[in-house]
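Notebook open, viewer loaded. I'm jotting down what I looked up, one topic at a time.

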Number of protein chains: 2
Amino acid sequence: MNNCLCDNDMDSKCKVLLVGSGGVGTIASYALEYAGKTKVTSVLRSDYDRVLEKGFSINSCDYGNGLIFKPSNIVNSVEASKKHGPFEYVVIATKCLPEVTSMIDVIAPAITKDTAIVLVQNGIGIEMEALTKFPENVVLSGVSMIGSANMGGHIEHESPDMLRIGYFENNNISQSHQEAVCKRFVDLYQNDKNQCVYDEDVKFSRWRKLVYNACLNPVCALTGVDIGRLEIWGGVDSIIRKAMREVLAIAKSDGVVLPEDVIEFMIRSDDPVYYRPSMLVDADKRNLLEIEVILGNPVRIARKNKVDVPFLTIIYELLKIVQSRTMEEKGMITIPKERPVPK
Amino acid sequence: MNNCLCDNDMDSKCKVLLVGSGGVGTIASYALEYAGKTKVTSVLRSDYDRVLEKGFSINSCDYGNGLIFKPSNIVNSVEASKKHGPFEYVVIATKCLPEVTSMIDVIAPAITKDTAIVLVQNGIGIEMEALTKFPENVVLSGVSMIGSANMGGHIEHESPDMLRIGYFENNNISQSHQEAVCKRFVDLYQNDKNQCVYDEDVKFSRWRKLVYNACLNPVCALTGVDIGRLEIWGGVDSIIRKAMREVLAIAKSDGVVLPEDVIEFMIRSDDPVYYRPSMLVDADKRNLLEIEVILGNPVRIARKNKVDVPFLTIIYELLKIVQSRTMEEKGMITIPKERPVPK
């Protein structure tokens, strides 16, 4: 199988479709184009008009300040992207909100039998839908460590782009092929300014990152404080360490043994900044939160494997209510005018 | 001992000092004066000028709308109240925030050896400081069921005033005297519009009310939703019932057996209103919350008695962080400009 569609292409560059041009996705598209081997087609919604006209403006710790950037192709729907395909890779870099939108259904029109799907998203269990709906396609995992935000077409990229790319095991495809497709993406992405590496153990990387994401993100979001204040006021001791130990216990029940010292590593990873994690920023903006893939799926694995995780469970149940409140505020759900009560 | 100072007084009315003229306290002072046997001296702070000049304006489900009310004496400090004493009863109807203010220290100048202290406040363990600092005085418990709010001197009293008055057992004083002092206050307070009863079992009443207060109040405050939405979105099942069962377990370990059906009673007690409990209202206003007497003391009793209460513990730890955030916003605490981190 020749997986590399681009070799047949007129200009020999690899064609990549990118959906989700937030802080992470826009730097990903910049990285791919900067490395010189890729033509990125970017699907934009709210920023479409502005970026089509003026491009993204970017201040980047990796690439420099005052940059203006237009991906090779800019479209406003996946349907419209098809004229720039077929795509060797389709990168999803949106927030992962399976209870709201199936991103796999969104990208489906752009998927061919040779397309690899790249999920640059947080959480556990995010690959299930892609593997179910596209059982013959390679599905890649992107675990991103980056500080970057999109403010209406302007990107502030504050901490370096470090991306681990691996593959979610698909038993319908040979491991050697999955590995080759994965390593090719690493080759397309890495350049002299960023750090992109092949991830030998996707499961390990995802559980490891979850130690931070399932604990510091939700607790800061629920309490409305940054990580520095949380620590000063005792919350790191009273909540975070206990919740992180629960993540380690679930990971272990799922076959992943994380070293104990990952707890202190994650707690110290924002030193010495009064850092506001992304879920706190989203909560303050009354945006939807990635609670199902960050907390819901891990808690369900814990339940299945009979691991007792009271901290994660209760934090999850509280955030589910916050999520419903946000959905009501956004008009996505309604409640009866009269409160329903038992007869 | 003649506990009734008022009999020696020129006009024979009982002298009561009231501190904390919010929604609960103002209706209490109205009730006492309305019954005709009491002269209330009210200590006001933020409403002092307005009430001195124009009185409270009151819309009351018990007493009628469009009322104007001035307590017999209005002062702006406990020190200034002393000229209207000595007081037979000193009623504290403030929010109970022992980590912020010792109300017992505040009222101390007005306490004589014959003064009974009446705590019309929520929570568990609220009597400790009074019994320690005034070991020879009767300390009464007021458990209030009322819907009433003070908005800058205007009182909206929406659900009936039901008050249970008992005594916190004080081994230095005979039970018969404590009971007599307590029943006399019931007699002073009750009138043809309200329901004030003698509370035979203060401990039972306080744990019973805590089933509501330690669960619905904090969870609504943390999630930002009213009780109706909390129920529709699953939080009553996933959080409230479990937390309420924990309150029952702590109460049991403290010698109080509450009937199981109190859980459904409390859950249904606001039907059919999309009711916003007071702690949610306070959280929205960024006011301090009564977390220590509502959650902290019960959680500490659970710890002492080895009762496992994960829901209450985690909710308490989360709210402690929210409380610190509020204290910082109010300028009551500060954090270092540079985030302290380990060397």
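**Helix packing.** I started with helix 10 (residues 235-253) and helix 14 (residues 310-329) of chain B: their axes come within 8 Å and cross at roughly 105 degrees. Axes here are lines fitted to C-alpha atoms, for helices over the stretch in contact, with angles from 0 to 180 degrees between N-to-C directions. Helix 10 of chain B and helix 14 of chain B are therefore roughly perpendicular to each other (under 35 degrees is roughly parallel, over 145 roughly antiparallel, 65 to 115 roughly perpendicular, the rest oblique). From helix 10 of chain B the contact (heavy atoms within 4.5 Å) uses B:S238, B:I239, B:K242, B:A243, B:E246, B:V247 and B:I250, and from helix 14 of chain B it uses B:P310, B:F311, B:L312 and B:I315. By class I get 8 nonpolar, 1 polar and 2 charged residues for this contact (Ala, Val, Leu, Ile, Met, Phe, Trp, Tyr, Cys and Pro are nonpolar, Asp, Glu, Lys and Arg charged, the others, Gly among them, polar).

**Ground rules.** I'm reading a predicted model, where local features need pLDDT of at least 70, side-chain atom pairs count only at pLDDT 80 or more, and totals for chains, interfaces and linings use all residues. Residues are numbered from 1 along each chain as its sequence is written, chains are lettered from A and ligands numbered from 1 in the order written, and side-chain values use heavy atoms, leaving out hydrogens and water. Helices (H or I, at least four residues) and strands (E, at least two) are DSSP runs, numbered from the N terminus.

**A hairpin.** Next I checked strand 3 (residues 56-60) and strand 4 (residues 64-69) of chain B, which run antiparallel and are joined by 4 bridges; strands pair if DSSP finds at least two bridges between them. A hairpin of 3 residues connects strand 3 of chain B to strand 4 of chain B. B:S57 sits opposite B:I68.

**Chain A against chain B.** How many residues does the contact take from each chain? I found 41 from chain A and 41 from chain B. The buried area is about 3,600 Å², with 70% from carbon and sulfur atoms (accessible area, 1.4 Å probe, that two parts lose on being put together, summed over both). On the chain A side, A:W233, A:I321 and A:R339 lose the most area, together 24% of what that side buries.

Most residues other than glycine have a negative phi, and most peptide bonds are trans. I noted a cis bond from A:D271 to A:P272, omega near -5 degrees, with A:P272 in the loop between helix 11 (262-267) and helix 12 (278-284) of chain A. Another cis bond joins B:G85 and B:P86, omega about -5 degrees. A:R286 is not a glycine, yet has a positive phi of about 60 degrees; I located A:R286 in the loop between helix 12 and helix 13 (291-304) of chain A.
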